[in-house]
Amino acid sequence: MSNHSGSYMLNEVIEILDRHQVFAGIEKTTTQTLIKEILEMATNKYDCNQGEILEGHAQQFNLCYYCLADDANLDDGLCVTCLGD
């Protein structure tokens, strides 16, 4: 069973950080590394859901919510490879 409330809380934290333009001053690769570290901690330690965390943010970070590939052409948060699975 996934920790949905934790996932949605992290989604909102990302939204707050974005609203305060925290990501605007950070390079894309650094931002992606930060987001990936958050996702790794959230999924491995707290059973959160990557899709719920990145919902509405995947395109902004060019990160597929399933495989975390750097991809600017996401379809609803998924890269072409993951869409085909």
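## Chat about the helices and the core

Trainee: Leaving aside neighbours within four places in sequence, which residues is Ile35 in contact with?

Mentor: Once those neighbours within four places are left out, Ile35 is in contact with Ile14, Phe23, Leu54, Phe61 and Leu63. Keep in mind that this is a predicted model.

Trainee: Good to know. Which residues touch the most other members in the largest nonpolar core?

Mentor: The largest nonpolar core has 18 residues, and those touching the most other members are Ile14, Ile35, Leu39, Ile53, Leu54, Phe61 and Cys64. Helix H1 (4–19), helix H2 (28–46), helix H3 (50–54) and helix H4 (58–61) each supply at least two residues of this core.

Trainee: And which helix gives the most to this core?

Mentor: That is H2, which gives 3 residues. As a general point, nonpolar side chains in soluble globular proteins tend to be buried together.

Trainee: Let me step back. How many helices and strands are in the secondary structure?

Mentor: There are 5 helices and 0 strands. Reading from the N terminus, the elements run α-α-α-α-α. The radius of gyration is 12 Å, close to the 12 Å that the globule rule gives for 85 residues, so the protein is as compact as a globular protein of that length.

Trainee: What does the C-alpha trace span along its principal axes?

Mentor: About 35 × 30 × 20 Å. Buried residues make up 35% of the 85 residues. Among contacts between residues at least 6 apart in sequence, 47% join residues at least 24 apart.

Trainee: Now Phe23. Is Phe23 buried or exposed?

Mentor: Phe23 has a relative accessible area of 8%, so it counts as buried. Its place is in the loop between H1 and H2. Neighbours within four places in sequence aside, Phe23 is in contact with Ile14, Leu17, Asp18, Thr31, Leu34, Ile35, Gln60 and Phe61.

Trainee: What about Asn62: where is Asn62 found?

Mentor: Asn62 is found in the loop between H4 and helix H5 (80–84). Its phi is positive too, about 55 degrees, although Asn62 is not a glycine. With a relative accessible area of 15%, however, Asn62 is buried.

Trainee: I'm curious about Gln32 as well. Why does Gln32 count as buried?

Mentor: Because its relative accessibility is 6%, and the cut-off for buried is under 20%. Gln32 is found in helix H2. Setting aside neighbours within four places in sequence, Gln32 is in contact with Phe61, Asn62, Leu63 and Asp70.

Trainee: Last topic, the charges. How many positive and negative side chains does the protein have?

Mentor: It has 4 positive and 14 negative side chains, and the centres of the two sets lie 7 Å apart.

Terms used: Residues are numbered from 1 along each chain as its sequence is written. This is a predicted model: local features need pLDDT of at least 70, side-chain atom pairs count only at pLDDT 80 or more; totals for chains, interfaces and linings use all residues. Side-chain values use heavy atoms; hydrogens and water are left out. Helices (H or I, at least four residues) and strands (E, at least two) are DSSP runs, numbered from the N terminus. The radius of gyration is taken over C-alpha atoms; the globule rule is 2.2 Å times the number of residues to the power 0.38. Buried means under 20% relative accessible area, exposed over 50%, partly exposed in between (1.4 Å probe, protein chains only). Contact means heavy atoms within 4.5 Å. Lys and Arg count as positive and Asp and Glu as negative; His and the chain ends are not counted. The place of a charge is taken as NZ of Lys, CZ of Arg, CG of Asp or CD of Glu. A nonpolar core is a set of buried Ala, Val, Leu, Ile, Met, Phe, Trp, Tyr and Cys residues joined through side-chain atoms within 4.5 Å.
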